[in-house]
Amino acid sequence: MRNRLILLSITLSIWMALKAIDEIIDGPEILMFLGLCIAVMISHSSWLMVAQRRWHRRNRRLRKNLVSSGATTTAAPFCALPSQEADLWQPWVDIFIAAKNEERVIERTVRGFFKLNYENFHVWVIDDASTDSTPEVLRNLQREFPRLKTLNRPCGSYPGKSAALNDALALAKGEVIAVFDADASVAPDFFQLTLPLLQPDGIAGVQAQKRIYEQQEGLLVDYQASEYALDTYFQMGRDLIGGAVEFRGNGEVIKRQALIDVGGWNNKSVTDDLDLSMRFLINDWDIRFCPHAPVWEEGVEKLPGLLRQRRRWAEGAIQRYLDYIFPLNSPTRLSFVERLDTLAFTVYFVVPALLILQMSSEVVHFLMRTQSHGKLFALLTFAVYIITAVDFAIAIRIYRRKSVLRSCFDSLGVTAYVYGHWVPVIVTSFCRILLGKQASAWRPTEHGKSVQAMSVEPVKTLTIVR
């Protein structure tokens, strides 16, 4: 009810502001607001692009200097402290894996984590009242791996991934908590790359780069891989400018002290990662991003499953802004850069709603044969498309290592795919929250038949590509 009232108040305020603009300035007020949002998108994208380009250049020069001096390391300076400092801090890590009916993937995942090149860890699999053979698989694995611990949540437990993680947090004693999905895979040096970033005071967590398994095929999966590349591009940029890096649910490495400070995960949130990111932000904890320690996961292979997943993501993203709208706007909570960065990302959720609203208005004007602004609307829509396509082209070129021509070509298709499903998903999520519908429930990813045979790919050090 609280979030519905806040969203209703915001909607009415925007409507009144648009009406006031209409009284002062003769013209299409929604299109003016959309034009302002486009200017914010261009400014923010340019800011992130310049920051990354400078870092890539600096990184390349430093690596050349290391090679010329005889050094053999290929570790990226962005992700590492001096080796002596990194070696001194080897905290005990509790790895949390929430599993519900994951019999197809859980054995491969658990075996993969026991190949880590790190000594101080336990693996906790939280069996959330599975009805398949997941409990039996885990019992067999425990005989082989003494450091594997299981937490069996009975039927009737508080639903959701957040509640499952909180149950495990009450039992685990590690200084660091690492959160992974049931289909996750990482390279053996994962903690050697992420823990140095987590070590400094004031850092709450580190988010690894999310990637789709290379062995998966299909256009839908390929588009998701490009989406993840864009997310890496944005996360990298936000980290470099000192903005608000966010968790992504898989590949999170978090200080226990920081978790306790903000009260653990929010059981009422449908997106545990985004909610926790926001609470760290307003409580003066920073999150870092590590592109050199990827976590591989399975892409969704069927459109209905993808839409369910994205609807939950959209609802969670909107809800976290509503839940924390007052501390977010407190003058003492966020830095100036964090405030600008958060505002810019809020715009990305506003643009689809504006597009749908103006499109509806244009249809009404056309049917009533009254004056419309179809040409201006088409021009602004094209501008939104091109801005997004350019971001995708750069992200695909750098983080999927495709040629310039292929990156540009792929960006056109993936941009159409993104707006084709995100626009209705975001608008639907707005309506669900505004009308007080029940929020989407957390569901595990629907795994394909080939996921058991998938493996991680070696990661090359990032370099600038022209």
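This is a quick walk through one chain, from the overall picture down to two residues.

Okay, so first the caveats: it's a predicted model, where local features need pLDDT of at least 70 and side-chain atom pairs count only at pLDDT 80 or more, while totals for chains, interfaces and linings use all residues. Numbering runs from 1 along each chain as its sequence is written, and side-chain values use heavy atoms, with hydrogens and water left out.

Overall, we've got 15 helices and eight strands; those are DSSP runs, H or I of at least four residues for helices and E of at least two for strands, numbered from the N terminus. Of the 466 residues, 52% are buried, and buried here is under 20% relative accessible area, exposed over 50%, partly exposed in between, with a 1.4 Å probe and protein chains only. The chain exposes about 21900 Å², by Shrake-Rupley with a 1.4 Å probe, and carbon and sulfur atoms supply 59% of that. Take contacts (heavy atoms within 4.5 Å) with a separation of 6 or more: 82% of them are between residues 24 or more positions apart.

Now, two residues. Is Thr 271 buried or exposed? Buried, because its relative accessible area is 1%. Thr 271 sits in the loop between α9 (256–261) and α10 (272–282). Leaving out residues up to four places away in sequence, Thr 271 touches Arg 312, Trp 313, Gly 316 and Ala 317.

Then there's Arg 54, in helix α2, residues 29–68. Its relative accessible area is 58%, so Arg 54 counts as exposed.

That's it from me, happy to take questions.
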